[in-house]
Amino acid sequence: MNIHEYQAKELLRRYDVPVPQGCVAFTPDEAAHAARKLGGAVWVVKSQIHAGGRGAGVRVVKSIDDVHASAAQMLGTTLVTRQTGAAGRVVRRLYIEKGCDIARELYLGIAIDPATSRVTIMASAEGGMAIEEAAARAPETILKMAIDPVSGIQPFHARRLAFGMGLSGKQVGAATRFILSAYRAFTELDASIVEINPLVVTGCGNLMALDARLSFDDNALFRHPEIEALRDEGEEDPTETEAARHALHCLRLGGNIGCMVNGAGLAMATMDILRLHGGEPANILGLAGDGATNDVSAAFRLMLADPKVEGILVNVFGGLTRCDEIAEGVVAAAHATGLTVPLVVRLAGTNADLGRQILRDSGLPILSASHLADAAEKVVGAVRATQKNGGK
Ligand code: ADP
Ligand code: MG
């Protein structure tokens, strides 16, 4: 789950990470009021969307009138950035921040490196927009430090990173405290990403998080109701939000075959084998729990709500999940949704024979598959045949 910059800064502030003063605003009047309250002579009006590279969505202004005018212009506009996709995001909130005198822009990122399974801290002397270029041109200039989960972070890790960012003197101590605090926020909040870009050195030589991006591990959110409360559904994919409501995992992928699976490994295998047979998954809907009829019906509704979906592949391996329950769910869902596209079902594991029997007895035109490759072949073939016959 992602949160907004202003929320991320509020959380980091609690961990003693230095951030500029700022206020969230939903209207131009609130924006002007916030700027007056903050005081000073320079403010930054920042569009709050769950994406970076905001470009014109971040504006430095030098009068209260300009804060008001910029806010009026920015609210309601659709911002398209590298990270939003072509559709962009509508700006509904702004963050009004005190202008900061920037001497240098550095980069700090914390994430889990899947290659080492360790929390890894990344730092670079080239922050701001320059980091993308540095990552492409000279990735070795980005320092990486994997932290041993048993001993945790030690001050020398942070000092080494501070020197690597080109800091010296008192700034090394400040950077060490900064990095240790950001790391503590990462681990205590069960974050998956903490990214400070830019981390700036101010004109007075202080360090400050000028931007902040925090992402959280969805599987740990139950431990953090205060973070769950920060969710902005306006920023999330409505299909994924609806799926979560039915305890389903949903991943949208843009192809034309809806896939319902159980388990992440099976999801990967299904995508791979589907592609191998010339198909493109529209989405992956993962059943999180048992084969309760409601879940399957909701999964079918969600898959069919995508106008691109021309076929459905159900691929379930029954362990604790019983295939007969899944089959019953599939039959009920097929009845409820009217089954407008070809449906291929592959069941294996607990009660698979019984499941297949239920599908056969339903009298519905469900194609049963004996194994994974067979399933992929059948669904791709059925979709192609329907396309030839002039669509769904
Ligand atoms: P994004 O990541 O969307 O590009 P940032 O918050 O990183 O947005 O801001 C982009 C740039 O705007 C920063 O690199 C910095 O130069 C400038 N900026 C952002 N916030 C401030 C601020 N409070 N004071 C002065 N300049 C700022
Ligand atoms: Mg940034």
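Predicted model: local features only at pLDDT ≥ 70, side-chain atom pairs only at ≥ 80, totals over all residues.

Residues are numbered from 1 along each chain as its sequence is written, chains are lettered from A and ligands numbered from 1 in the order in which they are written, and side-chain values use heavy atoms, with hydrogens and water left out.

**Stop 1: the ligand**

Select ligand 1 and the 16 residues that surround it; K46, R54, E97, C100 and E105 are the closest. A residue belongs here if one of its heavy atoms lies within 4 Å of the ligand. This shell holds 6 nonpolar, 4 polar and 6 charged residues; Ala, Val, Leu, Ile, Met, Phe, Trp, Tyr, Cys and Pro count as nonpolar, Asp, Glu, Lys and Arg as charged, and the others, Gly among them, as polar.

Now look for polar contacts, meaning pairs of N or O atoms within 3.5 Å. R54 has a polar side-chain atom 2.7 Å from an oxygen atom of ligand 1. In E97, a polar side-chain atom lies 2.8 Å from a nitrogen atom of ligand 1. The protein buries 85% of the 540 Å² that ligand 1 exposes when taken alone (Shrake-Rupley method, 1.4 Å probe).

**Stop 2**

Color the strands, which are DSSP runs of E with at least two residues, numbered from the N terminus. One open sheet has 4 strands in the order 1-6-2-3, with antiparallel pairing; strands pair if DSSP finds at least two bridges between them. At its edges, strand 1 (22-25) and strand 3 (58-61) each pair on one side only. Select S47 and find L94 of strand 6 opposite. Strand 2 and strand 6 are joined by 5 bridges.

**Stop 3**

Which strands stand at the edges here? This open sheet has the order 13-15-14-16-17-18 and mixed pairing. Strand 13 (248-252) and strand 18 (366-369) are at the edges with a single partner strand each, so one side of each has no neighbour in the sheet.

Next, select strand 14 (residues 257-261) and strand 16 (residues 311-318), which pair in the parallel sense over 5 bridges. Within this pair, I257 stands opposite G311 in strand 16.

Definitions and conventions. Polar contact = N/O pair within 3.5 Å; in protein donor to acceptor, adjacent residues only side chain to side chain.
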